[in-house]
Every structure is written in structure tokens, then in C-alpha cells.
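Take a walk through this model with me. We will follow a few charged pairs, then stop at one residue in a helix.

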Amino acid sequence: MPMKPMESKVCRMMLTSRMVLGEEHQKKACEGELEKYMDHCPEWLHPRDDTTNNWMDLDCKMTETIALVRAIGVKYFLIPDDPAMVERAEQVERVLFSIMNTMVYLINKICFAPNNPEKEFDPVYAQSRFAKKFVSFTKKLDPLLEGPFIMGDTLPIHADYLLYACLCDLKEFLPEPFEKNEYPKINDFMEKFYTYRSPIRRWFQSEESKKGEFIRPAKPHIMTLLPR
């Protein structure tokens with residue numbers, strides 16, 4: 001069963017940026033059309049049939065989050081009008097879907113096996129395995145960032161919120177490239193998004209923004225592995 005919108009930290013961040021403040025108002029905003037957010041799931045993420053899920057998306061969190069971000073984007077006019085920018089936003093989604101699922105697959109299925117009690121998660125080994133994948137990810141993401149945001153020096157669109165959330169989770173797992181500023185364009189995006197002069201600042205000033213992951217933790221969390 002898909003997660004409820006209010007369970008998503010990304011959702012709460014986006015609602016706060018739209019001046020939907022407080023738990024009561026956010027719960028109300030999540031009723032109705034946002035409850036059916038999976039209707040906005042892009043075709044490229046649809047399962048092949050009723051019995052299969054995307055094999056990479058072990059907990060379905062990225063599929064659900066992308067659909068939810070799109071639904072919020074439609075409701076609060078965060079989807080760009082320019083077809084070229086809509087296409088670019090989808091390219092960003094695809095790149096994020098790949099790297100976030102690479103992270104979760106590596107953490108939960110390669111570097112940790114919950115069905116094998118003798119194995120323990122080794123974060124250093126996991127990070128070393130992931131570092132090469134991260135380099136490849138940055139090469140794909142860089143040309144999609146007009147700078148500082150996806151559409152350039154303008155209002156953030158729906159995919160900018162998704163990008164920021166994913167980068168925060170990636171930074172939690174692999175902090176070194178961010179701390180060393182190895183990818184200035186990505187660091188600039190994160191800084192400009194964090195300091196953007198809009199209601200989003202209300203979110204970053206809250207204690208809630210500092211708690212937990214946006215989408216996935218940087219440690220094993222899928223206790224029952226899917227079959228190969």
C-alpha cells in the first residue's frame with residue numbers, strides 16, 4: 001500500500017513552501033486529490049503488470065515520491081509550462097531514481113543481508129562501493145542544472161524539491177564529495193535552495209526539517225529482501 005502523503009518529509013517541505021503551515025492544515029491539504037497521488041505516476045515507472053514492481057525500487061519509496069511530488073506540483077502550480085523544461089524535469093527524475101535506488105540496493109542487498117544474521121552492515125565499504133556510482137551520477141546531473149536551479153535563476157519547480165531532498169539523503173550517506181565541494185554546481189544548488197527568499201525558509205527554520213531522512217536512511221532498513 002502506498003505511503004500516505006503526510007508520511008513524506010518531502011511533501012511536508014513542499015506544503016510549507018506553499019504557505020500550508022501546521023500539521024492540521026497540512027493534513028487537510030493531503031486529503032482529496034493528493035490522496036490519489038499515484039495517479040500522477042509517470043508511465044516509465046508503471047509496473048509491467050499487477051504482480052510486479054520495479055525491481056530496483058526495493059521499498060517503492062522513489063516511485064511513490066516522484067508521483068507525490070508531481071501531484072503537489074500540479075496542485076500548487078509548480079510544474080513548468082515550457083515543454084522543454086517538463087522534459088528536463090523528467091530527465092532529472094530518472095537520474096535521481098537511478099542513483100537513489102543504487103544507494104538503497106547497495107546498502108540493503110549488497111553490503112548488508114538481513115536474512116543472513118552473520119553479516120553486519122559496513123558503512124565504509126558501502127561508501128567506497130557507492131563513490132564510483134556517485135561520480136557517474138554527477139556527470140549526468142550537471143548538464144541538467146541550468147544554474148542554480150533546474151530552469152536557471154528563477155523559481156524552483158517541482159523537480160527542484162525532489163532534487164534537494166535526494167541530495168540531502170545522498171550527502172548523509174556519502175558526505176565527503178559535498179564537504180570537499182568536489183561538485184560546485186551541486187553545492188551551489190543546495191545552498192541557493194536552502195537560502196532561497198521564499199516561504200521555503202519557514203521549513204528550514206523548523207525543527208522538523210532537521211529530523212530524519214527525506215526519502216531513505218543511510219543505513220539498512222528493508223528487513224525482508226525481495227527475491228532476485
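Predicted model: local features only at pLDDT ≥ 70, side-chain atom pairs only at ≥ 80, totals over all residues.

Start with the side chains of Arg-12 and Glu-208, which meet in a salt bridge, N to O at 2.1 Å. Arg-12 lies in helix 1, residues 9-17. Glu-208 lies in the segment after helix 9, which covers 200-204.

How accessible are the two partners? Arg-12 has a relative accessibility of 15% and counts as buried, because the cut-off for buried is under 20%. Glu-208 has a relative accessible area of 31% and is partly exposed.

Now turn to Arg-216. Asp-57 forms a salt bridge with Arg-216, and their closest N and O atoms are 2.5 Å apart. Where do the partners sit? Asp-57 is in the loop between helix 2 (23-29) and helix 3 (61-75). Arg-216 is in the segment after helix 9. The pair ties together parts that are 159 residues apart in sequence. Are these residues buried or exposed? Asp-57 counts as buried, at 1% relative accessibility. Arg-216 also counts as buried, at 1%.

The side chain of Asp-59 meets that of Arg-216 in a salt bridge, with N to O at 2.6 Å. Asp-59 lies in the loop between helix 2 and helix 3, and Arg-216 in the segment after helix 9. Here the pair links parts of the chain 157 residues apart.

Salt bridges can also share partners elsewhere. Arg-70, Glu-90, Glu-93 and Arg-94 are joined in this way into one network. How many salt bridges does the structure hold? The count is 11.

Finish at Thr-65, a residue of helix 3. Thr-65 counts as buried, with a relative accessibility of 2%. What does its side chain reach? The side chain of Thr-65 reaches the backbone oxygen of Lys-61 at 2.6 Å. Which residues does Thr-65 contact, leaving aside neighbours within four places in sequence? They are Met-3, Val-10, Leu-162 and Ile-215.

Arg-12 pairs with Glu-208. Arg-216 pairs with Asp-57 and with Asp-59. Thr-65 is buried in helix 3.

Technical notes: Residues numbered from 1 in each chain as written. Heavy atoms only, no water. Salt bridge = Lys/Arg side-chain N within 4 Å of Asp/Glu carboxyl O. Helix = DSSP H or I, 4+ residues; strand = E, 2+ residues; numbered from the N terminus. Buried < 20%, exposed > 50% of the residue type's maximum accessible area, 1.4 Å probe, protein only. Polar contact = N/O pair within 3.5 Å; in protein donor to acceptor, adjacent residues only side chain to side chain. Contact = heavy atoms within 4.5 Å.
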